[in-house]
Structures are given as C-alpha cells and as structure tokens.
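Please view the sequence and the structure together.

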Amino acid sequence: MTTSAQYSIDHQLLELPHLSQGKRQRQFKALLLIVHQGGGLLQLGRHYYPLAGNDIVFLPADTLFAWHRFAHSRVSQLTFSPRLALPTQAGRITSAPLLLAGAARLADWQGSQDWQGAYGRLCRVVHDELQCSQPRHMTNPTPLLKTISDNIADFSLTSAQETEFKRTFSADSHTIKQQCALLLVLRDLAKSPQLEQLVQRHGFASVAQFEQACSHWLGTGDDTDAKNK
C-alpha cells in the first residue's frame with residue numbers, strides 16, 4: 001500500500017495479493033474510491049454493491065460503510081478534509097475521464113510528492129474534478145452488476161456475460177464468487193453456532209473446503225506484500 005498525505009488530501013494506493021475483508025466504519029473525512037484493476041464489494045447497510053475496473057464512488061464524511069477488496073485488485077483511495085468543498089450525496093460517479101486519469105497518475109506516481117509541485121497540483125486537479133461531479137444514487141448501472149448484486153455468492157452468467165465479467169473484473173466469475181462466499185461466512189460466523197451448516201449454506205462443500213479457501217484467499221500473517229512509503 002502506497003500512501004501520501006498532501007495537506008487536506010490523502011491518497012493511498014491499495015494493492016494486495018489477497019482478499020481484504022473491510023470493517024464497518026464511519027470516516028470523519030469524505031472518501032473517494034477509484035478502481036484501476038479488479039474490484040470489490042461496497043457494503044452500505046444490508047446491501048452489497050460490486051465495484052469493478054474504472055468504477056468511481058464518492059462517500060461523504062460520516063457515511064457508514066465497509067469496503068471489501070478482491071484479491072489482486074488495484075484501488076486508489078482518496079480522503080478529503082472537511083474544510084474542502086465537496087459533493088454532499090454518496091453515489092457512483094460516471095463520465096469522469098479526467099478524474100480517472102488523475103487518479104491513475106497518482107497511483108503510478110514515482111517522483112517527488114511535493115504539495116507545491118506537480119504532485120500537489122495533480123491532487124488539486126482531482127479535487128476540482130470531484131467538485132464538478134454529480135454522484136448518482138448507489139444503483140448498479142449495468143445488467144451484469146445487478147445480476148451479481150442480487151446474489152453475490154451464487155449468481156449465474158451466460159457465456160456472453162462471463163466474457164464481459166472477465167473483462168470487467170480481471171478475473172473469472174468462479175474466483176469472485178468464492179471470495180464473496182468467504183466474506184458472507186465470515187460475516188455470519190459469530191452468530192451461527194453450526195459452522196458446517198453455515199459454510200454449506202454459502203456454497204462450500206465442507207468445513208475443510210472453507211478452511212482451504214481461507215488459506216488461499218486471505219493469506220497468513222501481516223500485510224507484508226503491501227508497499228509502504
């Protein structure tokens with residue numbers, strides 16, 4: 001994870017080799033999520049909204065949410081000081097090529113992270129573009145995303161949708177469904193006394209298969225593969 005704080009704007013590049021289970025939280029700063037590769041699930045209340053490549057979501061300060069990132073995803077996360085002028089509604093942002101391009105440059109930045117230099121100007125450009133944007137309510141803008149959202153761990157796709165899925169998420173649907181099923185088991189684990197019934201309800205053949213999925217997708221130990229600056 002690459003992070004850089006530039007006064008009132010903070011940019012983090014999130015890229016980990018494993019599934020990252022988010023915690024429900026309220027941030028006192030506004031948050032902008034921009035998916036460069038892969039995707040994840042944004043949880044708002046009881047609803048899960050799949051995000052994929054080039055998706056942009058804005059969350060005002062004090063929004064209650066959880067952000068679950070799929071393995072091998074690459075996501076820019078920007079937070080903004082409450083002092084800045086920002087949209088007031090949570091939602092997806094579409095048709096924002098300059099916002100996507102600015103975030104992509106921040107994600108790939110290798111030079112000096114000087115607020116008074118080019119890097120700081122780029123951060124301010126992203127903020128300017130965000131001010132011009134109108135977040136739309138958190139709906140699923142395509143039939144594919146709606147199909148996934150309706151049943152995140154057991155959705156069915158046609159062959160044409162599978163091709164679209166691979167292009168959108170940089171992974172096949174089986175890979176993503178297994179990660180979604182794992183997230184659902186982990187969500188319900190504390191309130192379900194029968195582990196075997198729980199894992200089977202979410203598509204695992206046995207506890208052993210669930211444990212194997214945990215080892216494969218969640219990894220072990222600390223986030224040693226994160227890149228820190």
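The model is predicted. Strand β9 takes part in pairings with β2 and with β4. A separate topic is an open sheet of four strands, and helix α5, spanning residues 173–188, closes the account.

**Strand β9 and its partners**

- Strand β9 covers residues 74–80 and is mostly covered, with six of its seven residues buried.
- β2 and β9 run antiparallel and are joined by seven bridges.
- Within this pairing, Leu 14 stands opposite Val 75 of β9.
- Strand β4, residues 30–37, also runs antiparallel to β9, again through seven bridges.
- On that side, Leu 31 stands opposite Thr 79 of β9.
- Strands of a sheet pair through backbone hydrogen bonds, in either a parallel or an antiparallel manner.

**Ile 9**

- Ile 9 belongs to strand β2, which comprises residues 9–15.
- The relative accessible area of Ile 9 is 4%, so it counts as buried, the cut-off being under 20%.
- Ile 9 and Cys 123 are separated by 114 residues in sequence, but their C-alpha atoms are 7.0 Å apart in space.

**The four-stranded open sheet**

- The strand order is β3-β8-β5-β6, and the pairing is antiparallel.
- β3 (25–26) and β6 stand at the edges; each has a single partner strand, so one side of each lacks a neighbour in the sheet.
- Four bridges connect β5 with β8, and these two strands run antiparallel.
- Leu 42 has Trp 67 in β8 as its bridge partner.

**Helix α5**

- Helix α5 contains 16 residues and reaches 23 Å from its first C-alpha to its last, close to the 22 Å expected at 1.5 Å a residue.
- An α-helix has 3.6 residues a turn, so residues three or four places apart point the same way.

Notes
Residues numbered from 1 in each chain as written. Predicted model: local features only at pLDDT ≥ 70, side-chain atom pairs only at ≥ 80, totals over all residues. Heavy atoms only, no water. Buried < 20%, exposed > 50% of the residue type's maximum accessible area, 1.4 Å probe, protein only. Expected span 1.5 Å × (residues − 1). Pairing = 2+ DSSP bridges.
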